[in-house]
Amino acid sequence: MDKHTVVICEDHTLLSQAIAGVVEGFENFEVLYLCKNGEELIEKLTLENRKPEIVLMDVNMPIMNGIETTKWLNDHYPNINVLALTVEEDENTILKMIRSGAKGYLLKDVDKKTLEKALHKIIETGFYHSHNVADVLMNSFTGKTTYEAQLKEQEIEFLKLLCTESTYREIAEYMKLSPKTIDGYRDSLFIKLDVKNRIGLVLYAVKHKIFIP
């Protein structure tokens with residue numbers, strides 16, 4: 001049986017090689033090649049006949065970083081899934097990666113079993129919702145969304161705006177609603193979609209194509 005293909009985009013050579021060794025140790029996966037930044041990845045994608053199913057993407061890289069590269073991949077190779085693997089754990093960076101098209105987000109201190117599970121989930125469902133991106137984002141990616149939930153028109157508009165860099169106050173001004181009403185939309189969607197914070201709402205919007213990066 002053909003193995004699932006992975007490319008690693010990471011600017012630290014030893015770490016990149018170590019990650020490749022871990023992935024090669026998984027029964028159903030193989031690493032096609034390693035790249036030091038987004039520019040090198042784009043070059044190899046144009047030259048190599050085989051295209052990876054998954055790119056393990058660092059965020060901070062020289063020349064072309066992970067956010068820029070993920071956006072480019074989403075525009076030119078939408079069938080290639082990006083799984084962020086990084087030390088960056090702040091909420092803003094996670095949001096930017098998700099908006100750029102990343103299908104999952106892991107920290108580099110993740111254990112092998114979780115990485116393997118994430119790779120399988122991306123192959124099977126197109127997304128991986130981590131339970132532990134960081135302590136402050138615990139349960140961000142529970143994946144327990146209620147797919148049958150009926151969203152109101154204004155809730156859908158609110159979800160789309162959440163996927164931008166607008167603050168809650170700016171969203172309230174744009175929708176011509178009070179901040180208290182916007183807080184009500186947010187809290188209601190937390191319950192309705194069974195997520196814990198803004199990250200979870202953004203993931204829902206991206207996964208269900210309410211917002212298209």
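T70 is buried in this predicted model, at 1% relative accessibility. T70 is found in helix α3, the helix through which the chain crosses from strand β3 to strand β4. Both strands belong to an open sheet of five strands with parallel pairing.

**Helix α3**

- T70 counts as buried because its relative accessibility of 1% is under the 20% limit.
- Beyond the residues up to four places away in sequence, T70 touches M57, V82, M97, S100, G101 and A102.
- H76 also has its place in helix α3.
- H76 counts as partly exposed, with a relative accessibility of 47%.
- H76 and I42 lie 34 residues apart in sequence, and their C-alpha atoms are 9.9 Å apart in space.

**The sheet**

- The strand order of the sheet is β2-β1-β3-β4-β5.
- Its edge strands are β2 (29-35) and β5 (104-107), each of which pairs on one side only.
- On average, neighbouring strands of this sheet are turned by 25° against each other, direction ignored.
- Strands β1 and β2 run parallel and are joined by six bridges; V6 has V31 in β2 as its bridge partner.
- From β1 the chain crosses through α1 to β2, in a β-α-β crossover that is right-handed.
- Strand β1 (residues 4-9) pairs with β3 in the parallel sense over four bridges.
- Two partners in β3 can be named for this pairing: L56 for I8, and M57 for C9.
- Strand β4 (residues 81-86) runs parallel to β3, and four bridges join the two.
- The bridge partner of M57 in β4 is A84.
- Between β3 and β4 the chain passes through helix α3 (residues 66-76), and this β-α-β crossover is right-handed too.

**Side chains of strand β3**

- In a regular strand, side chains alternate between the two faces of the sheet.
- Strand β3 covers residues 54-57, with I54 and L56 pointing one way and V55 and M57 the other way.
- All of these residues of β3 are buried.
- M57 is in contact with residues beyond four places in sequence, among them C9, L41, G66, T69, T70 and L73.
- Further contacts of M57 include V82, L83, A84, L85 and M97.

- Helix α4 (residues 91-100) lies across β3, β4 and β5.
- The angle between α4 and β5 is about 145°.

**Nonpolar cores**

- Nonpolar side chains tend to be buried together in soluble globular proteins.
- The largest nonpolar core has 49 residues, and L41, M57, L73 and L159 touch the most other members.
- Helix α9 (residues 198-207) gives the most to this core, with seven residues.
- A second, separate core holds 18 residues, including F29, I54, L106 and L115.

**Cysteines**

- The whole structure has zero disulfides.
- C9 is in no disulfide, and the nearest cysteine sulfur, that of C35, is 5.3 Å away.
- C35 is likewise in no disulfide, with the sulfur of C9 as its nearest cysteine sulfur at 5.3 Å.

**Helix α8 and R186**

- R186 has its place in helix α8 (residues 179-193).
- R186 counts as buried because its relative accessibility is 18%, which is under the 20% limit.
- R186 touches F158, Y168 and L201, leaving out residues up to four places away in sequence.

Note on methods
Residues numbered from 1 in each chain as written. Predicted model: local features only at pLDDT ≥ 70, side-chain atom pairs only at ≥ 80, totals over all residues. Heavy atoms only, no water. Buried < 20%, exposed > 50% of the residue type's maximum accessible area, 1.4 Å probe, protein only. Pairing = 2+ DSSP bridges. Right-handed = clockwise from strand over helix to strand, strands pointing away. Contact = heavy atoms within 4.5 Å. Disulfide = S-S within 2.5 Å. Core = buried A, V, L, I, M, F, W, Y, C linked by side-chain atoms within 4.5 Å. Axes fitted to C-alpha atoms, helices over the stretch in contact; angles between N-to-C directions.
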